[in-house]
Amino acid sequence: MEKILTQEEIDALFRAAQGRAAEAPKPAAEERTLTACNFRQSARISKEQLRSVSQLHELFARNLTHSLGAYLRLAFEVNLVSAEQLNYGEFLQRIPEVTYLVSMSIRPMGVSAAIEIDLPLAFPIIDVLLGGAGRVEPTVREITEIEEQILESVVRIIGRELENTWHPVLDVQFAFEMRLRQADITRLLPPSEKILSLSFEIRMPEARGMLNIALPAAISNGLLRKLTQQASYRKQRGNADSTSQMRRRVDRCVFPTQLVLPTQRVRVSQILSLEQGDILKLNFSVGEAARMLVSSKELFTARPVRVGGRRAGQIAARVRSLDPVHKETA
């Protein structure tokens, strides 16, 4: 027989259950691991940003080709090889141990960038500036102080072309600081700092080599942000105004128009026998509309009419097919 609980017994059971729940130990709070945020470690560069950076520095390569070619007075070609985001330590691993590397101050940011020129390219440039033909050194050696001063003028031209290329995006100035010795190279930037690495191949008549530029995060992030903003603005403006801009441009265009009859067949004998004042009969009804061609494309059917002292075409209907119409004679 089932036992039926009274209200007092039910209340007592609830009070007992609540007491056990209060006495039960609470689970320990989960421990969270906190990591210090380093704002120098920016996110990886996106494909859209990489495309914008590449387009910008392809322009820099073309400008540098002209300016250094004119300065050296010989055939000189600069091509962008790569634009990528690296750690400064990875950048140092890619350059030779014996090389020509200088620091450039970027104002007003107050940071420094690194520019490296391969020695197999540096020595021919020096030879040209000293009146030679740009010969290649048979052995790799350190650059002398006099040769450093000669190359300094080339580095200043590189900095000036970077300024001109960046000016529509970022208003900065590149100023030559000093030639970096082996001990100074590692102290220029922290090895773990992300940089924007730009690599260019330079070709001369008798030599070729690499030009490498390392831009610190403080300047590369600002450049990427400006490029992204400009790309977004151009995209939004293009989507909103492209139709109206295209219409305004087309409104000012001039297209040749013709009012032609359908193809007719006439005997050669009839044409040869024609004289002034004769009438050539065509198999074409007076009430039938002719075809109006706009830039050799049939767009409308129309009837020839007169407006004052000028001939005109009265539009009858629009032609669906826009296939080009070959020249026809009537």
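S296 sits in the loop that links β8 and β9. In this predicted model, S296 is not a glycine, yet its phi is positive, at about 70°. S295 belongs to the loop between β8 (290-294) and β9 (297-307) as well, and its phi, near 55°, is again positive in a residue other than glycine.

Another loop to visit is the one between β2 (100-107) and β3 (111-117), where you will find P108. The peptide bond joining R107 to P108 is cis, with omega at about 5°.

Now move on to strand β4, which covers residues 173-179 and includes R179. R179 has a relative accessibility of 10%; because the cut-off for buried is under 20%, R179 counts as buried. What does the side chain of R179 meet there? One of its polar atoms lies 3.0 Å from the backbone oxygen of T99, and a polar contact of 3.3 Å joins it to the side chain of E142. Beyond the neighbours within four places in sequence, R179 is in contact with residues including Y100, L101, V102, I143 and E148.

Follow α5 along and you will come to a kink of about 25°, centred on L151.

Terms used
Residues numbered from 1 in each chain as written. Predicted model: local features only at pLDDT ≥ 70, side-chain atom pairs only at ≥ 80, totals over all residues. Heavy atoms only, no water. Helix = DSSP H or I, 4+ residues; strand = E, 2+ residues; numbered from the N terminus. Buried < 20%, exposed > 50% of the residue type's maximum accessible area, 1.4 Å probe, protein only. Polar contact = N/O pair within 3.5 Å; in protein donor to acceptor, adjacent residues only side chain to side chain. Contact = heavy atoms within 4.5 Å. Bend = angle between axes of the 7 residues up to and from the residue.
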